[in-house]
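Subject: Two-chain model, handover

Hello,

Here is the model for your use. My notes on the interface, the sheets and a few backbone details follow below it.

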There are 2 protein chains.
Amino acid sequence: MFDLMRELAIESRSKIVLLVADGLGGLPREPGGPTELEAAVTPHLDGLVARNVCGLSLPVAPGITPGSGPGHLGLFGYDPLAFTIGRGVLEALGIDFDLGPDDVAARGNFCTVDADGRITDRRAGRIDSEVGRALVEKLRGVRIEGAEIFVEPVKDYRFVLVIRAPGLGDDIADTDPGMTDVPPRKPEAHDPASKRTAAILESFIGQAADILRDDHPANMITLRGIAKRPPIPQFEEVYRLRAGAIAVYPMYRGLARLVGMTILQPGTSLADQLEALRRHWDDADFFFMHYKYTDAAGEDGDFERKVACIEELDAAIPAIVDLGPDVLMVTGDHSTPAALRSHSWHPVPVLLAASTCRPDAATSFGERSCLQGGLGQVEAKYLLPLALAHAGRLAKFGA
Amino acid sequence: MFDLMRELAIESRSKIVLLVADGLGGLPREPGGPTELEAAVTPHLDGLVARNVCGLSLPVAPGITPGSGPGHLGLFGYDPLAFTIGRGVLEALGIDFDLGPDDVAARGNFCTVDADGRITDRRAGRIDSEVGRALVEKLRGVRIEGAEIFVEPVKDYRFVLVIRAPGLGDDIADTDPGMTDVPPRKPEAHDPASKRTAAILESFIGQAADILRDDHPANMITLRGIAKRPPIPQFEEVYRLRAGAIAVYPMYRGLARLVGMTILQPGTSLADQLEALRRHWDDADFFFMHYKYTDAAGEDGDFERKVACIEELDAAIPAIVDLGPDVLMVTGDHSTPAALRSHSWHPVPVLLAASTCRPDAATSFGERSCLQGGLGQVEAKYLLPLALAHAGRLAKFGA
């Protein structure tokens, strides 16, 4: 599909807005009742559905519940099964760390070991963030010849380790054994290119153990998800789109950065995001706008709050429409039903508004209504090609 | 899928008719209005939909607008992304040139060059077809040792060049630089197998330049889309179908010939095509009938004429049904909405009539109605397997 996009993508002055309501899809609170999206009063989204086209997006494949990484890669047009993002990388993106192509990132945990070096608590008694930050500060004293080392706090007992040196491999097993009563594993390289990485990590771990010796319960560390940025074709090269991301949360800015989008800093509210969209309207062809709170409410199991978040988002629609995008697509990266308090595999409602939409029978933005939509049930990775087509940005394939 | 078809296809006396209305799918003329197909009065097609099954065909992939080549390959059961047809080949098919497996075809343009050999007009002032034909006649004087040369007029400043010699490669860049003020490029081989082809083309171009020296504005040529027939598995071998094509336009006869169909000459009208179908009913198992005028009306932006063409086609349905095909499938190779005056990416309505259809909620042949159809939205390449199944021509897979 990438080769096809590279072949067919053409320059244009058209504008595309992709509005992602994280975890948009839901489930009824009681049997037969409405989902969060169906319960929400959304006159602006409903109006767009009635005049345009809608459907349901399958983030990865039927039955597969995606994390934020694969959920967004799909929406960006990448096959989430072909491009995987290591946990260390996601963790680094989540704290806005600007990973370079030579960086190896790992998710770190402080843990507790006994006098024999065996793990007694994999999370170091869940020390709080302030303690974690102070220990991270100490770990920054580690020095390794020929490599730059970054240690950044995340939350509680979690931190990110980044090693920067040219030519490092990243095929290395976790040092976290996933159980107690055994010592942390040594970093083991699974290919020749990763041997130097393993040696650097071993040195880091050794120095860390010395530094933390007296910091019980956080007297040791483990590393997981050791990974480099995947080599992902960049948005501009594949789609000929100058793309800008307007996201409040760092993880989503990071995912956008991975595919080559420019980060447009929005402040912290939806109003700030709209203001950023307006301010940068001439600076990009494609805008990825990420709204987090639908997912957060779903994760909290708070049906009413998720409904309120959707209504807040609906109220923002006229401000986007007023800018006159050629294509406005509204969807989610996955479902997060309040009833499940977690991401789920259920297809996600999607609406596409453009002057070239064929009418369908759907008249409101909701899971049941979208089943009547002209987009049918479509793999998320095809949504961007569809948006490009409706924006007049894809040439004919073959003669 | 081919291996599966080869394994499962069985002999039968059943008959399949595939009626392709070129560019069938459309868009409303005004927001919320009917599409061309929805506006047309089509009692016979509607009757078939009501008693059988329908859906929407995706010619290539969501968002991808196909040319006639990929559009038809999909309907013939071939993955249009796996089998691509070069422009030179299509151009040769379009003038009914019977390309052999050893032939390299190119699309030729007459162009104008100045005294320094730099192109000043890539289309030689758009000389008319009569002048073009006379110049083609002169180019037939070119002789090259060890190769047969065919030069055929197409239209205006366009011609087809075919080189016939065993073992020629076809990985050669266009000689048309795509701009003026530079000379035509030399034919450059991209692989060893194409070196001899490049040498032959260079000799042809050199002789052509001498021959055309005094024919300003058409005093030089460029070549594009240099290609051989792709190695396409043949219909009879894969599907065990004796297939016949009834198409008024040469391009579609050529596409049918590429996959091994027999060309049944129909004259020039739809009535002629029906007559050919009747006359040859016992000569084939599968009939590909191509109706061009829906696409032509769409390309002209003529909504009313496209509606009238669809109604003409509808009037032909009883004559086909009267022959008693076991399966009648009616669809298009792509959409050509009059509103866009061009091919488009929108899914194409498809109806399948057979005694083994499961009922669905659709009652008329139109884009919105087909969204209710039992076939759902299906990639075009799966339509032929579906037709084979309904014709009792596919055995069970596995025990």
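Chain B and chain A bury about 2100 Å² between them, with carbon and sulfur atoms giving 69% of that area; buried area here is the accessible area (1.4 Å probe) that two parts lose on being put together, summed over both. More than any other three residues, Pro62(B), Ile64(B) and Trp345(B) account for the area that chain B buries against chain A, supplying 25% of it.

This is a predicted model, in which local features need pLDDT of at least 70 and side-chain atom pairs count only at pLDDT 80 or more, while totals for chains, interfaces and linings use all residues. Residues are numbered from 1 along each chain as its sequence is written, chains are lettered from A and ligands numbered from 1 in the order in which they are written, and side-chain values use heavy atoms, with hydrogens and water left out.

Interface

The contact (heavy atoms within 4.5 Å) takes 33 residues from chain B and 26 residues from chain A. The count of salt bridges between the chains is zero, where a salt bridge is a side-chain nitrogen of Lys or Arg within 4 Å of a carboxyl oxygen of Asp or Glu. Ten residue pairs are in polar contact across the interface, both residues at pLDDT 80 or more. A polar contact is a pair of N or O atoms within 3.5 Å; within protein, one must be able to donate a hydrogen and the other to accept it, and residues adjacent in sequence count only if both atoms are side-chain atoms.

On the side of chain B that touches chain A, the elements giving two or more residues are α4 (68-75), α5 (87-94) and α13 (367-370) of chain B. Helices (H or I, at least four residues) and strands (E, at least two) are DSSP runs, numbered from the N terminus. α4(B) gives the most to this side, with three residues.

Sheets

In chain B, eight strands form an open sheet in the order β9-β8-β10-β1-β11-β12-β2-β13, with mixed pairing; two strands pair if DSSP finds at least two bridges between them. β9 (262-263) and β13 (376-379) of chain B are at the edges with a single partner strand each, so one side of each has no neighbour in the sheet. Strands β2 (residues 53-58) and β12 (residues 348-353) of chain B are antiparallel and share five bridges, with Leu56(B) opposite Pro349(B). Helix α12 (residues 303-322) of chain B packs on the sheet and touches β1 (16-21), β10 (286-291) and β11 (327-331) of chain B, its direction making about 170° with that of β1(B). Axes are lines fitted to C-alpha atoms, for helices over the stretch in contact, and angles run from 0 to 180 degrees between N-to-C directions.

Chain A has an open sheet of eight strands in the order β9-β8-β10-β1-β11-β12-β2-β13, also with mixed pairing. Strand β2 (residues 53-58) of chain A runs parallel to β13(A), and four bridges join them; Ser57(A) has Val378(A) as its bridge partner.

Backbone details

His216(A) and Pro217(A) are joined by a cis peptide bond, omega about 10°, and Pro217(A) is in the loop between α7 (195-212) and β7 (220-228) of chain A. A cis peptide bond with omega of about 10° also joins His216(B) and Pro217(B). Asp156(B), a residue other than glycine, has a positive phi near 50° and lies in the loop between β5 (148-155) and β6 (158-164) of chain B.

Regards
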